[in-house]
Amino acid sequence: TYSLTDYKPLAGANYYKLSQTDLNGQPVEVGDVQIVQFDLNNTSLSVVQQANQSSVKAILNTNKADKATIAIYNVSGNALYQTAINLNNGVNEIDAPVNLGKGVYILKVKTQSGDAWQAKFVK
């Protein structure tokens, strides 16, 4: 299992390739090249939750640094998790250490300056 957050992606297409170094010191490429498009002029929030994780992970791309509150709600509107974070200009990785059961949830991010984003996700 592995993950990577590119905190300084370039606008447009970014290409990623995984390689590992074997015990004999030789690098081996693993898998195919992955292409990820970044539109750095727009803000976006996406949840990258996997069913077996004990936390909720999300990526927020924003065009300004700010203080924010993140919260996770169930579909009935009950807050299950809330915390304050500092957002950077660019790509922000959000990791909310909350263990959720199966269901539909909403992740909301609201900045002190009034910007807000939300993303619905299923676990």
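Guide: What follows begins with the chain as a whole, turns to the pocket, and then takes up the contacts and surface features of the strands concerned.

The model is predicted. Its protein chain contains nine strands and zero helices, so that, by DSSP runs numbered from the N terminus, the order along the sequence reads β-β-β-β-β-β-β-β-β. Along the principal axes, the C-alpha atoms occupy a box of roughly 50 × 35 × 20 Å. Of the 123 residues in the chain, 29% are buried.

The largest pocket holds about 760 Å³ of space. Its lining comprises 22 residues, and those closest to the centre are Tyr2, Ser3, Leu4, Thr5 and Asp6. One of these, Tyr2, belongs to the segment before strand 1 (12-21). Strands contribute to the lining as well: strand 1, strand 2 (27-38), strand 4 (56-62) and strand 7 (90-96) each provide at least two residues. The greatest contribution is that of strand 2, with six residues. In terms of residue class, the lining consists of 10 nonpolar, seven polar and five charged residues.

In one of them, Lys17 pairs with Glu29, and the closest N and O atoms are 3.9 Å apart. Because Lys17 is in strand 1 and Glu29 in strand 2, this pair ties together parts separated by 12 residues in sequence. The two partners fall into separate accessibility classes: Lys17 is partly exposed at 37% relative accessibility, whereas Glu29 is exposed at 60%.

Another salt bridge connects Asp95 with Lys57, with 3.3 Å between the closest N and O atoms. Since Asp95 lies in strand 7 and Lys57 in strand 4, the contact ties together parts that are 38 residues apart in sequence. Asp95 has a relative accessible area of 42% and is partly exposed; Lys57, with 26%, is also partly exposed.

The remaining salt bridge involves loops. The side chains of Asp115 and Lys64 meet at 3.2 Å, N to O. Asp115 is located in the loop between strand 8 (104-111) and strand 9 (116-122), and Lys64 in the loop between strand 4 and strand 5 (66-74), so this pair links distant parts of the chain, 51 residues apart. Asp115 is partly exposed, its relative accessible area being 28%, and Lys64 is likewise partly exposed at 35%.

To return to the site in question, strand 1, strand 2, strand 4 and strand 7 each place at least two residues in the lining of the largest pocket. Strand 1 and strand 2 are tied by Lys17 and Glu29, while strand 4 and strand 7 are tied by Lys57 and Asp95.

How values were computed. Residues numbered from 1 in each chain as written. Predicted model: local features only at pLDDT ≥ 70, side-chain atom pairs only at ≥ 80, totals over all residues. Heavy atoms only, no water. Helix = DSSP H or I, 4+ residues; strand = E, 2+ residues; numbered from the N terminus. 1 Å grid on protein atoms, 1.4 Å probe; cavity = no way out; pocket = protein on both sides within 12 Å on 5 of 7 lines; lining within 4 Å. Points joined across faces, edges and corners; volume = space filled by probe spheres on them. Nonpolar A, V, L, I, M, F, W, Y, C, P; charged D, E, K, R; others polar. Buried < 20%, exposed > 50% of the residue type's maximum accessible area, 1.4 Å probe, protein only. Salt bridge = Lys/Arg side-chain N within 4 Å of Asp/Glu carboxyl O.
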